[in-house]
Amino acid sequence: MEDKNSFLTLFLAPVAEYLADDSVSEILINGPSQVYIERGGKLVDVPAKFVSEPALKAAAANIAKSVGRMLDDMHPRLDARLPDGSRVHAVIPPLSRVGTVVSIRKFKKDTLTIDKMQSYGSLDDGMRKLIRALVLLHKNVIVSGATSSGKTSVLNALSSFIPEGERVLVIEDATELQLQQRHIVPFETRKADKNGQGEVTIRDLIHSALRLRPDRIVIGEIRGGEALDLLQALNTGHAGSMSTIHANSPIDCLRRIETCALLSGIDIPLSALRSQVASAIDAVVHTARLSDGSRKVVSVAEVLPLEAGEYRVRELRRWKTESIAPDGAVSGRFEQVEVPSFAEQARIAGVEL
Ligand SMILES: Nc1ncnc2c1ncn2[C@@H]1O[C@H](COP(=O)(O)OP(=O)(O)OP(=O)(O)O)[C@@H](O)[C@H]1O
Ligand SMILES: [Mg+2]
């Protein structure tokens, strides 16, 4: 059987051993003579080197070509998904100052299930029940966190609690989520071709999704103006929808949604926009990568109504770091902060908290 990734191994021979190694999650090439890999949540410097900058640049251009794209002076940045699901981003000089820069996020073959996350200590039983209740009670949830903190993995875990029998429309820039239910309808955006034609954005796909009778909408990541379309969809039904966003805290998550919605270019008064955010989003699940490389759900917070025009959240459960050893190892515990406002609703629905 032909290995879907054989061409990648061919072009990137100097890092072939890391491509083949399932314990390596990312490969970061910073010019021809510096390579880092991520293994077990830690970045390590490895001795791999490319023969020369032209050889590395040619390799990156070949990867682009193999997926029907270009990487040259007119198109100096490449954002691509490979046939095996890996994600590649490349930037060539003079934009990158150290030579061609390539990052490869390898596709995880085995999904990170919520059971596995729990066994790694990424969340405890209380957190798991809370998250499950959010999904079963059709709350609109945003997973927030820094880059590579585990947002997409947590969204995938959240989606595993969606009951069979609901129609779920999934919209992503590049397919990463792996929903297991039967009635899943997945969509993927399309980049413009080399003539700048044919682009289909998340916003376009949200508009289609709304006409396709979704029970829930799952959006891989919010990065721009689609935030407004999502807010409008949530405020007109489709409870139980979910997405992720890059943010530093649950409050920051709401601010980021607001900022993204403003990028839509649609004129809407700030006060109206804020009340849309506060009413559309019910809860924020915040993730973090701790100093020892471990990833955790560090906070689950419910969104309260605006007060004097400002966002407010109520933290329900959180991770509390108690000590950090000299080698960076973190110890602590999960703790309950407040009783959810939906505790009674959960009791009536027979959902355990
Ligand atoms: N709880 C976890 N325990 C161990 N590894 C994890 C955990 N969550 C995520 N990972 C790993 O961390 C990497 C990043 O995870 P993920 O893609 O979910 O993060 P992200 O925040 O969505 O990243 P991005 O900012 O690029 O969208 C992946 O290799 C994933 O397998
Ligand atoms: Mg992600």
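Arg87 and Glu176 join their side chains in a salt bridge, 2.8 Å from N to O; the term means a side-chain nitrogen of Lys or Arg within 4 Å of a carboxyl oxygen of Asp or Glu. This pair connects distant parts of the chain, 89 residues apart: Arg87 sits in strand E5 (residues 87–91), and Glu176 in the loop between strand E8 (168–172) and strand E9 (184–188). Helices (H or I, at least four residues) and strands (E, at least two) are DSSP runs numbered from the N terminus.

Please keep in mind that this is a predicted model, in which local features need pLDDT of at least 70, side-chain atom pairs count only at pLDDT 80 or more, and totals for chains, interfaces and linings use all residues. Residues are numbered from 1 along each chain as its sequence is written, chains are lettered from A and ligands numbered from 1 in the order in which they are written, and side-chain values use heavy atoms, with hydrogens and water left out.

**Salt bridges**

- The structure holds 25 salt bridges.
- Both ends of the Arg87 pair are partly exposed: Arg87 has a relative accessible area of 30%, and Glu176 has 25%. Here buried means under 20% relative accessible area, exposed over 50%, and partly exposed in between (1.4 Å probe, protein chains only).
- Lys129 and Glu352 form a salt bridge whose closest N and O atoms are 3.3 Å apart. Lys129 belongs to helix H5 (residues 125–136) and Glu352 to the segment after helix H11 (343–349), so this bridge ties together parts 223 residues apart in sequence.
- Lys129 is partly exposed at 22% relative accessibility, and Glu352 is partly exposed at 48%.
- Asp229 and Arg203 form a salt bridge with closest N and O atoms 2.7 Å apart. Asp229 is in helix H8 (residues 226–234) and Arg203 in helix H7 (residues 202–210), 26 residues apart.
- Within that pair, Asp229 is buried at 7% relative accessibility, whereas Arg203 is partly exposed at 21%.
- A network of salt bridges links Glu315, Arg318, Glu322, Arg333 and Glu335.

**Around ligand 1**

- Ligand 1 is surrounded by 17 residues, the closest being Arg105, Ser122, Lys151, Thr152 and Ser153; a residue is near a molecule if one of its heavy atoms lies within 4 Å of it.
- By class, the shell has four nonpolar, eight polar and five charged residues. Ala, Val, Leu, Ile, Met, Phe, Trp, Tyr, Cys and Pro count as nonpolar, Asp, Glu, Lys and Arg as charged, and the others, Gly among them, as polar.
- Helix H6 (residues 151–159) gives the largest share of this shell, three residues.
- Domain 1 (6–105) and domain 2 (114–349) both contribute residues to the shell, so ligand 1 lies between them; the domain bounds come from an automatic or database domain assignment.
- A polar side-chain atom of Arg105 is 2.9 Å from an oxygen atom of ligand 1, and a backbone N or O atom of Ser148 is also 2.9 Å from an oxygen atom of ligand 1.
- An N or O atom in the side chain of Thr152 lies 2.7 Å from an oxygen atom of ligand 1. Taken alone, ligand 1 exposes 630 Å², and the protein buries 87% of that; such areas come from the Shrake-Rupley method with a 1.4 Å probe, and for residues only the protein chains shown count as cover.

- Glu258 is in helix H9 (residues 250–262) and is buried, with a relative accessible area of 9%.
- The side chains of Glu258 and Tyr311 make a polar contact of 2.7 Å. That term covers a pair of N or O atoms within 3.5 Å; within protein, one must be able to donate a hydrogen and the other to accept it, and residues adjacent in sequence count only if both atoms are side-chain atoms.
- Ala278 is in helix H10 (residues 270–280) and is buried at 12% relative accessible area. Ala278 and Leu304 are 26 residues apart in sequence and 6.8 Å apart in space, C-alpha to C-alpha.

**Backbone details in loops**

- Pro93 and Pro94 are joined by a cis peptide bond with omega of about 5°, and Pro94 lies in the loop between E5 and strand E6 (101–105).
- Arg213 has a phi near 50°, a positive value in a residue other than glycine. Arg213 is in the loop between H7 and strand E10 (216–219) and is exposed at 54% relative accessibility.
- Ala308 has a positive phi near 50°. Ala308 is in the loop between strand E13 (295–307) and strand E14 (310–324) and is exposed at 79% relative accessibility.
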